[in-house]
Amino acid sequence: MNSQFILDARLEADTVYISDGELSQFRLMNDARYPWLVLVPKVAGACEWIDLPLQQQQALLSEINIAAKVLREYFPCEKINIGALGNIVRQLHVHVISRTSEDEAWPGLVWGQGKVQAYQDIALTTLVKKLQTAFLR
C-alpha cells in the first residue's frame, strides 16, 4: 500500500505477523486464551475506518470476512467479535476474535480481562503456519 506505513510499536509487540492481504497485515494476537486476529490496514496515518477511501473500506470488510471465516473454520465458536476501538493504539486496526461461552471473559469483553497468556514457542510456530496456509487459499 503506502510506503510510509509503519506498524505501531504496541501492535508489533502484542501480535505476530501471519500474512499480507490486499490492504492489511493479518496478525495473531499473542494471547492463547482466545483465537484472535488483528488486521492492520497498510495505510499511513489511518486512525478511523472513515479515513479510508470507499474502495479501501470495502477491501477491509472483505479481509475481515476472510479472517472471521478462517477463525470459525479452525476454532469452532459461538460468536465472532469484531471491533475497531483504537482508544489506546490510534493506528487503525480491527480485532476479529473467536468466542465461546467457555472462554475466560465470556460474555464480556476480552480487553482487560485476566492476564495475557502468550503462546508457547512450538504452539505459536504451529499455529502461525496453519494460519498462513489458511490465508493462502
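## The largest pocket

How much space lies in the largest pocket? In this predicted model, the largest pocket holds about 510 Å³ of space. It is lined by 21 residues, and those closest to its centre are Arg 10, Asp 14, Met 29, Trp 36 and Trp 111. Helix 1, which covers residues 9–14, supplies the largest share of this lining, namely three residues.

## Trp 111 and a nonpolar patch

Trp 111, which is among the residues closest to the centre of the largest pocket, is found in the loop between strand 5 (94–99) and helix 3 (121–136). Together with Leu 85 and Leu 109, Trp 111 also makes a nonpolar surface patch of about 300 Å².

## Salt bridges

Side chains of opposite charge can pair when their charged atoms come close. The structure holds five salt bridges, and one of them joins Lys 42 to Asp 20, with the closest N and O atoms 3.3 Å apart. This pair links distant parts of the chain, since Lys 42 lies in the loop between strand 3 (36–41) and helix 2, whereas Asp 20 belongs to strand 1, 22 residues apart. Lys 42 is buried, with a relative accessible area of 13%, while Asp 20 is partly exposed at 41%.

Another salt bridge connects Glu 104 with Arg 33, whose closest N and O atoms are 2.7 Å apart. Glu 104 sits in the loop between strand 5 and helix 3, and Arg 33 in the loop between strand 2 (24–29) and strand 3, so that this bridge links parts of the chain 71 residues apart. Glu 104 is partly exposed, with 46% relative accessibility, but Arg 33 is buried at 15%. Through salt bridges that share partners, Asp 31, Arg 33 and Glu 104 are joined into one network. The side chains of Arg 99 and Asp 103 also meet in a salt bridge, at 2.6 Å from N to O, and both of these residues are buried.

Terms used:
Residues numbered from 1 in each chain as written. Predicted model: local features only at pLDDT ≥ 70, side-chain atom pairs only at ≥ 80, totals over all residues. Heavy atoms only, no water. Patch = residues over 30% accessible without salt bridge, like charges linked within 9 Å, V, L, I, M, F, W, Y side chains within 5 Å. Areas by Shrake-Rupley, 256 points an atom, 1.4 Å probe, with all protein chains shown as cover. Salt bridge = Lys/Arg side-chain N within 4 Å of Asp/Glu carboxyl O. Helix = DSSP H or I, 4+ residues; strand = E, 2+ residues; numbered from the N terminus. 1 Å grid on protein atoms, 1.4 Å probe; cavity = no way out; pocket = protein on both sides within 12 Å on 5 of 7 lines; lining within 4 Å. Points joined across faces, edges and corners; volume = space filled by probe spheres on them. Buried < 20%, exposed > 50% of the residue type's maximum accessible area, 1.4 Å probe, protein only.
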